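Keep the model open beside you as you read.

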Amino acid sequence: MRELTRRDWLKGTSSLAAAGLAYATSAQAQSVTLKGYTPTKENPIRMSANENPYGVARAAHKAMAGAYDVSHLYGGSGRRELLKLYADMNGVTPENILLASGSKEVLKVMALITELNGGKVMAANPTYHDLVRYSEWVGTDIIWVDVKKDDMSIDLDAMRAAYTDDVKIIYLCNPNNPIPTIIEKKALQEFVMEMSQKCIVFVDEAYHEYVTDSNYGSMAQVAATTDNVIVSRTASKIHGFAGVRVGFAIAKPELLRKINRRVTGTVATPSVHGALASYKDKEFMDFVIQKNKEGLEEVYKVFEKHKVRHFKSNANFTFFETGIDFAEVRDRFLKHGINVGRPFPPFLDWARVSIQKPEDMKYFAEVYEKEFVS
């Protein structure tokens with residue numbers, strides 16, 4: 001596959017494509033846009049982990065490199081500035097924000113707190129695994145509530161019906177993962193306000209920046225003013241910080257103190273300075289959103305052409321029906337150098353595909369037609 005030229009990049013949305021030239025590096029080694037790369041089983045395109053294929057913004061890269069000049073010092077250089085910036089972006093105060101080494105740390109600490117309190121966890125089935133899986137590891141009982149049969153969205157009414165007094169935390173991923181549906185904002189706020197009087201309600205908003213659906217609403221400001229509500233966010237997705245590790249919890253200060261007493265890690269100084277630069281870089285975020293949209297369109301086209309059931313995504317991945325066991329689907333893609341997402345019981349005849357660069361998703365469509373269209 002030939003390397004893309006500047007002219008190629010400037011096709012379509014020119015200003016955003018130009019931004020990509022300014023920011024993106026060769027961070028994604030597995031892409032058909034890179035000269036000399038051929039997708040193989042041993043070195044596949046990573047369509048499995050919901051990563052940002054463009055890496056970190058150039059400004060963030062520069063800021064992280066510069067931060068090494070103060071990385072020999074204790075004291076948390078840049079942390080106050082980052083908390084203030086993030087609080088202002090979300091209409092809350094810095095006292096409502098906890099900085100963490102990725103949202104995973106917040107998820108796991110809340111799972112630990114739930115076990116220490118001797119309670120159960122309630123979660124949708126399927127959903128993102130970190131809080132629930134860690135809860136299982138420490139011996140907490142899980143109450144699973146199946147998603148709706150019609151649109152496969154999280155079923156709040158079924159959760160209300162399944163609630164028992166020993167449930168200490170309800171985990172909601174919004175947008176959900178692996179099914180990129182959202183919970184309607186009014187219904188979610190009513191649920192959060194109601195159920196937070198009985199237990200902690202945890203809303204995971206990892207894909208917040210990607211959502212354009214007007215029916216979506218963040219619970220950040222609710223969490224900042226309401227007891228027993230917490231929202232988590234991450235820089236791992238749109239900012240490309242999966243290996244840099246920056247996340248946030250938003251809640252009332254009392255709940256954040258409970259979490260902070262139990263965290264075991266810290267956020268590295270270069271990570272903090274990189275996040276400060278990245279969250280200020282709206283042009284880069286707009287570029288990533290636009291390219292994600294273009295990648296999704298390539299996938300939608302092939303699925304609509306062949307009448308494959310799939311979801312219009314509110315994130316950087318989608319979920320599609322295969323009709324055959326996931327293990328076979330994974331193997332058939334992998335022989336063409338594409339690694340798709342892991343199995344998500346009970347939907348073992350569905351698959352999740354992470355959106356990479358639009359050109360990679362064109363290749364995905366070609367492979368899909370070759371392997372699955374008779």
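A residue counts as buried under 20% relative accessible area, as exposed over 50%, and as partly exposed in between, using a 1.4 Å probe and protein chains only. This is a predicted model, in which local features need pLDDT of at least 70, side-chain atom pairs count only at pLDDT 80 or more, and totals for chains, interfaces and linings use all residues. Residues are numbered from 1 along each chain as its sequence is written, and side-chain values use heavy atoms, with hydrogens and water left out.

Start with Leu116. It lies in helix α5. Helices (H or I, at least four residues) and strands (E, at least two) are DSSP runs, numbered from the N terminus. Is Leu116 buried or exposed? Leu116 has a relative accessible area of 55%, so it is exposed. Now find Thr140. Leu116 and Thr140 are 24 residues apart in sequence, and their C-alpha atoms are 9.4 Å apart in space.

Next comes the sheet. Two strands pair if DSSP finds at least two bridges between them.

Look at the pairs one by one. β3 and β4 pair in the parallel sense over five bridges. Asn125 has Asp146 in β4 as its bridge partner. β5 and β6 also run parallel, joined by five bridges. There, Cys173 has Asp204 in β6 as its bridge partner. Now stay with β6. Five of its five residues are buried, so β6 is largely enclosed by the rest of the structure. Ile200, Phe202 and Asp204 point one way from β6, while Val201 and Val203 point the other way.

Contact means heavy atoms within 4.5 Å.

Helix α10 (residues 253-260) also meets α5: their axes come within 9 Å and cross at roughly 90 degrees. The two helices are therefore roughly perpendicular to each other. Angles under 35 degrees count as roughly parallel, over 145 as roughly antiparallel, 65 to 115 as roughly perpendicular and the rest as oblique. On the α5 side the contact holds Val106, Val109, Met110 and Ile113, and on the α10 side Leu255, Lys258 and Ile259. These residues divide into six nonpolar, no polar and one charged. Here Ala, Val, Leu, Ile, Met, Phe, Trp, Tyr, Cys and Pro count as nonpolar, Asp, Glu, Lys and Arg as charged, and the others, Gly among them, as polar.

Now turn to helix α6 (residues 130-137). Its buried residues are Asp130, Leu131, Val132 and Ser135. Their cover includes α5 (103-116), β3 (120-125), β4 (142-146), β5 (167-173) and β6 (200-204).

What about the cysteines? A search of the whole structure finds zero disulfides, where a disulfide is a pair of cysteine sulfur atoms within 2.5 Å. Cys173 is in none, and the nearest cysteine sulfur, that of Cys199, is 17 Å away. That is too far for a bond. Cys173 is buried at 1% relative accessible area, and Cys199 is buried at 4%.

Finish with the backbone. Most residues other than glycine have a negative phi, and most peptide bonds are trans. The bond from Asn125 to Pro126 is cis, with omega near 5 degrees. Pro126 lies in the loop between β3 and α6. The bond from Asn177 to Pro178 is cis too, with omega near 20 degrees. Met152 is not a glycine, yet it has a positive phi of about 60 degrees. Met152 is buried, with a relative accessible area of 2%. Lys307 is not a glycine either, and its positive phi is about 55 degrees. Lys307 is exposed, with a relative accessible area of 75%.

Key
Axes fitted to C-alpha atoms, helices over the stretch in contact; angles between N-to-C directions.
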